[in-house]
Amino acid sequence: MFHIARVRLTLWYTAIISVVMIMMSAIIYENTISAIQRNYVAIEERINNMQDTGLNNGPVRRALVQNPQLLKEQYEAVRDIILLRIILVNSGVIVCVAILSYIFAGRTLEPIEASHAAQKRFVSDASHELRTPLTSLMLSIEVALRSKKLSLARARDILKSNYEDLHNLHNLIEQLLALASTSKNIKKEFVKIAVKDSLSKAIKHTKPLAKEKNITIEKAMTESFTKGNETMLYDTFVILLDNAIKYTPEKGTIRTTMTQSRTKVRVAIQDTGIGIPKDDIPHIFDRFYRVDTARTSGQKQGFGIGLSLAQKIVNLHDGSIAVESKQGHGSTFTVTLPRC
Ligand code: ADP
């Protein structure tokens, strides 16, 4: 599809440039030929005058006077040479234009092709992620329906597990929608917000989860402002805190620290959890990337979307997100935002 588009674009570029060039060449040719023609007419007149006055000294003049046809032949020869050169130069330029057009058409289409490929990958990954829990749901319902001696207690268990699967699916769809709707247009609606407020709300929201695992959340905050969307920043902090709780064993500690410089505000979320293997660190912000799920078996598994969403939000705020982690010792995620 992109190859056809590239060829089409090449043809259009070449056609437009060729038409302009041929038109310009035609004008230059016309002007040159009429100038030469005027010159020859003047020479012809002078020769005729020489014939009349009997002045025909000099070999060239004599030859011209004796053979007036020679002048016309000369004029036609010059005209043919100019025409041939114009045709040759134009053909050469058209070939070059076609080659350059092909290269530039490729460059023009590159970002569109990349975004199309990313979209295709996203749709295929998302469908895969949706298919797995849906298949498990269908299977469990099918088995329950076939069972002739299904007790009420068993039916309740199945319904509970189905509810959990549906809840996870709902979360996945919410995250996919958030990922898809985080567009640059939202930047127009950015306002001055207190980073402290978003972070405090996120801590409040995740505290019950931390309590379930006896995890302590410590906080050290400053009064800093950034320009952005409060809900989005809140979502980012929830994602980071949620992960910190998810990947920290019972009785651990999560430290949230806010610091600021003249132009930046930094929020660090440090946990005493399982850490991230060195080889996985470069990939954890990729969509649907999950570090070996066996290491967190028995826990609710995520879909590998949280960090990519967090990174997208932070980038939209002209900030950055970084991670430092040591396996078995914990991780620190640092969000840096511009101050305002
Ligand atoms: P998930 O929903 O699977 O947690 P994320 O995109 O939020 O997806 O994270 C990607 C992966 O990064 C996770 O599968 C997890 O293994 C790893 N990860 C993220 N945060 C932490 C953390 N604080 N400690 C250890 N591992 C983490």
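Is Glu230 buried, partly exposed or exposed? Glu230 has 28% relative accessibility, so this residue counts as partly exposed; buried means under 20% relative accessible area, exposed over 50%, and partly exposed in between, with a 1.4 Å probe and protein chains only.

Hello everyone, and a few ground rules before we go on. This is a predicted model, where local features need pLDDT of at least 70, side-chain atom pairs count only at pLDDT 80 or more, and totals for chains, interfaces and linings use all residues. Residues are numbered from 1 along each chain as its sequence is written, and side-chain values use heavy atoms, with hydrogens and water left out.

In general, side chains of opposite charge can pair when their charged atoms come close. A search of the whole structure finds 7 salt bridges, each one a side-chain nitrogen of Lys or Arg within 4 Å of a carboxyl oxygen of Asp or Glu. One of them joins the side chains of Glu230 and Lys201, at 3.0 Å from N to O. Glu230 sits in helix 6 and Lys201 in helix 5, so this pair ties together parts that are 29 residues apart in sequence. Helices here are DSSP runs of H or I with at least four residues, strands are E runs of at least two, and both are numbered from the N terminus. Lys201 is partly exposed, at 46% relative accessible area.

Helix 5 (residues 195–212) also holds Lys196. The side chain of Lys196 meets that of Glu223 in a salt bridge, 3.3 Å from N to O. Glu223 is in the loop between strand 2 (216–220) and strand 3 (225–228), and the two residues are 27 apart. Glu223 is partly exposed, with a relative accessible area of 48%, and Lys196 is partly exposed too, with 28%.

Asp318 lies in the loop between helix 7 (306–316) and strand 6 (320–326), and Lys187 in the loop between helix 4 (152–181) and strand 1 (191–194), so the pair ties together parts 131 residues apart in sequence. Asp318 is exposed at 53%, while Lys187 is partly exposed at 31%.

Now, let's go inside. Which residues touch the most other members of the largest nonpolar core? They are Phe237, Ile254, Ile269, Ile284 and Phe333, out of 48 residues in that core. A nonpolar core is a set of buried Ala, Val, Leu, Ile, Met, Phe, Trp, Tyr and Cys residues joined through side-chain atoms within 4.5 Å. Helix 6 (residues 230–246) gives the most to this core, with 9 residues. Domain 2 (122–181) and domain 3 (187–338) each supply at least three residues; these bounds come from an automatic or database domain assignment. Leaving aside neighbours within four places in sequence, Phe333 has contacts (heavy atoms within 4.5 Å) that include Leu240, Ile269, Ile284 and Leu307. There is also a second, separate core of 7 residues, with Tyr29, Ile33, Ile47 and Tyr75 among them.

To finish, let's visit helix 3 (residues 69–146), where we find Ser101. Ser101 counts as buried, at 4% relative accessibility. Not counting residues up to four places away in sequence, Ser101 touches Thr10, Tyr13 and Thr14.
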